[in-house]
Amino acid sequence: MSSQEKIAALLQENRLFPPPPDFAERAHVKDMSLHEWARKDRLGFWAAMAERLHWFKKWDTVLEWEPPFYKWFVGGKLNASYNCIDRHLTSWRRNKAAIIWEGEPGDERVLTYQDLHREVSKAANMLKSLGVRRGDRVTIYLPMIPELPIAMLACARIGAIHSVVFGGFSAESLAGRINDAQAKIVITADGGWRRGNVVPLKQNTDEALKSCPSVEKVIVVKRIGHESLVHHNWVEGRDLWWHTLMRNQPDTCPVEEMDAEDPLYILYTSGSTGKPKGVLHTTGGYLTGVAATTHYVFDLKDEDVYWCTADIGWVTGHSYIVYGPLAEGATTVMYEGTPDYPDRGRFWDIVQKYRVNILYTAPTAIRSFMKWGEEWPARYDLSSLRLIGTVGEPINPEAWIWYHQHIGRGKCPIVDTWWQTETGMIMITPLPGVTHTKPGSATIPFPGVSAEVVDGAGNPVGPGEGGFLVLTEPAPAMLRTVWGDPDRYVAQYYSRFGKSVYFTGDGAKKDENGYFIIVGRVDDVINVSGHRIGTWEVESALVDHPAVAEAAVIGRNHDIKGQAISAFVILKEGHQPSEAMEKELKEHVVRKIGALARPEEILFTADLPKTRSGKIMRRLLRDIAEGRALGDTTTLADPAVVQQLKEKYEATE
Ligand code: ATP
Ligand code: MG
């Protein structure tokens, strides 16, 4: 076997999981006809998807392009808030739960579509009363409480552009995003609950606003109610209580007729690879894409309880807690806190309590569940689940199988969905009633999406060969530009392979069935003595070992080999780091992939540096291994982790 073949052997994940027959029988999509239709008539397909929405005026042209700039549904008029709320009020759905919310301390709130209409209308009137107009930017820095989607939909209702900043971000990160968007209003809360502690959002906001001259008013939601969080820094004239402002607002508010290409929101990427980019999404194409994918990928039915565990501060929450599910008239669950509070069974408690049918979470969460042990989910009744999904990072086959067995109980299809903040909607994914799934593969593009794996010259590579993941046709939900920086938009996405090919930044390969396997960021591909190895491949080999909970692998400069593999490993509970363990893990990688993938060194650690969205920041690990100063750390979840690792790494040298 050549070494390339040995690498391929790791990816010889040949287990295929056909859709369970009873699932397939009832699924929205039972065969490949949707894919075929879209292949023959891509624009006709997307136009039909757009028909699923309510338009005040239909579009004149489906797509106008001047690569790399695109306009979808040109001339069409619609409103996102109307599509997510008002259009459901004329049917029985008006009394359906739109949002089922659970706070970390256990408090609950259920909003029907009728309730949501009233709250959003009042909030929209509140914003108008403060002078917010169409096109103005509103920064929303809230915990996972109902006021967050209410504020977003209120902005959409009056044509203001929201920019949601994840509540875990620091004052400095918040200030950067407010200034980039030149926001007029900030909506925040006195605080939010996180693992039993209060996150002082209002205090962070005050700190941020020292350097944000564009902000005129701050609206504060009372979530915690501790006087000490606000009283000493309340700025009269600037700071206003949400509940006071809302009290006398009329409970209806006309919707603005927006152009299909009017901006809906700005959202900053998670910063895994560098300075976050302010991704701009517009109205018609975005809503079309998220509604269609919510319907087909999650096989969503009116009677389902659907739960996406992401934070709305990330695109996953925007598209698959708020806009997609609500446009589809679904019941969407929202949870404020962490999965381990008050104990490690919290997610399963929520699934059992609300009889959740569809669960959408992330590999980082699944790896934590694996580390905590299968006894936690086993204590709960998860029989309501019929479909489970993942997004955010490549899922290691080991984690996929664990998810399938212990959460899906062997009977739920898994949708491993590849997409990005920039694509707005799911792009590569199984359709659960048709696609035979394969652990570690997001399978094939959604109908109407064209993806390819190419070499450096832009030519498609053969099966099993690594290359760059690109999108060869525009899709409606994709970003229109980087806010305020069209040059960065062109440079970042449309320069490497020309003006009409979108470069994702991810490395991938296709198997002989044409299934896509995303192997990680292009910058994360390691070159050992001329062989290209994806960090994910080595990580998957490590995670395959029964003692390993999580692993991050990087290539560091090496005089002879070009690059050498450094591995950072978290052991499962009950296992201790030792020289023998290090040796055993190295041998395990050699057995799984081959000698060329043997890690030069393994550093055991209790934690890995992650973005606040839970992704491993390999670039910081490279900085550590190569003894450089650390790059941009503003999006790190816990800066202490990387500092400790740096010290530990230096001590072992
Ligand atoms: P930045 O662009 O600022 O570095 P980011 O890329 O982490 O941050 P996101 O847009 O949140 O920001 O993440 C998108 C990326 O997440 C994808 O490009 C890919 O690397 C990874 N990803 C998402 N879903 C999957 C998946 N199902 N399989 C593999 N990788 C995935
Ligand atoms: Mg990215």
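This is a predicted model: local features need pLDDT of at least 70, side-chain atom pairs count only at pLDDT 80 or more; totals for chains, interfaces and linings use all residues.
**Figure 1**

**Figure 2. Seven strands form an open sheet with mixed pairing.**
Read across the sheet, the strand order is β5-β4-β17-β16-β18-β19-β20. The edge positions are held by β5 (108-112) and β20 (414-416); each has a single partner strand, so one side of each is left without a neighbour in the sheet. Neighbouring strands of this sheet are turned by 15° against each other on average, direction ignored. As background, the strands of a sheet pair through backbone hydrogen bonds, either parallel or antiparallel.

**Figure 3. Strands β4 and β5 run antiparallel.**
Strand β4 spans residues 97-102 and is joined to β5 by 5 bridges. One residue pair can be picked out here: W101 has R109, in β5, as its bridge partner.

**Figure 4. Helices α4 and α11 cross at roughly 85°.**
Helix α4 consists of residues 42-50 and helix α11 of residues 284-297; their axes come within 9 Å. An angle of 65 to 115 degrees counts as roughly perpendicular, and α4 and α11 are therefore roughly perpendicular to each other. On the α4 side, the contact is made by W46, M49 and A50; on the α11 side, by T288, G289, A292 and Y296. Of the residues in this contact, 5 are nonpolar, 2 are polar and none is charged.

**Figure 5. Four strands form an open sheet with antiparallel pairing.**
The order of the strands is β21-β22-β24-β25. Strands β21 (451-454) and β25 (516-521) stand at the edges with a single partner strand each, so one side of each has no neighbour in the sheet. From one strand to the next, the twist averages 45°.

**Figure 6. Strands β21 and β22 pair in the antiparallel sense.**
The pairing of β21 with β22 (residues 467-471) extends over 4 bridges. Within this pair, A451 stands opposite L471 in β22.

**Figure 7. Helix α18 lies across β24 and β25.**
Helix α18 is made of residues 535-543, and strand β24 of residues 502-510. The helix runs at about 100° to β25.

**Figure 8. An unreviewed UniProt entry places a domain feature at residues 93-475.**
Over residues 93-475, the chain in the model is 30% helix and 21% strand. The end C-alpha atoms of this stretch are 30 Å apart.

Conventions
Residues are numbered from 1 along each chain as its sequence is written. Chains are lettered from A and ligands numbered from 1 in the order in which they are written. Side-chain values use heavy atoms; hydrogens and water are left out. Two strands pair if DSSP finds at least two bridges between them. Helices (H or I, at least four residues) and strands (E, at least two) are DSSP runs, numbered from the N terminus. Axes are lines fitted to C-alpha atoms, for helices over the stretch in contact, and angles run from 0 to 180 degrees between N-to-C directions. Angles under 35 degrees count as roughly parallel, over 145 as roughly antiparallel, 65 to 115 as roughly perpendicular and the rest as oblique. Contact means heavy atoms within 4.5 Å. Ala, Val, Leu, Ile, Met, Phe, Trp, Tyr, Cys and Pro count as nonpolar, Asp, Glu, Lys and Arg as charged, and the others, Gly among them, as polar. UniProt positions are given in the numbering used here, feature names are shortened, and annotations may be inferred rather than shown by experiment.
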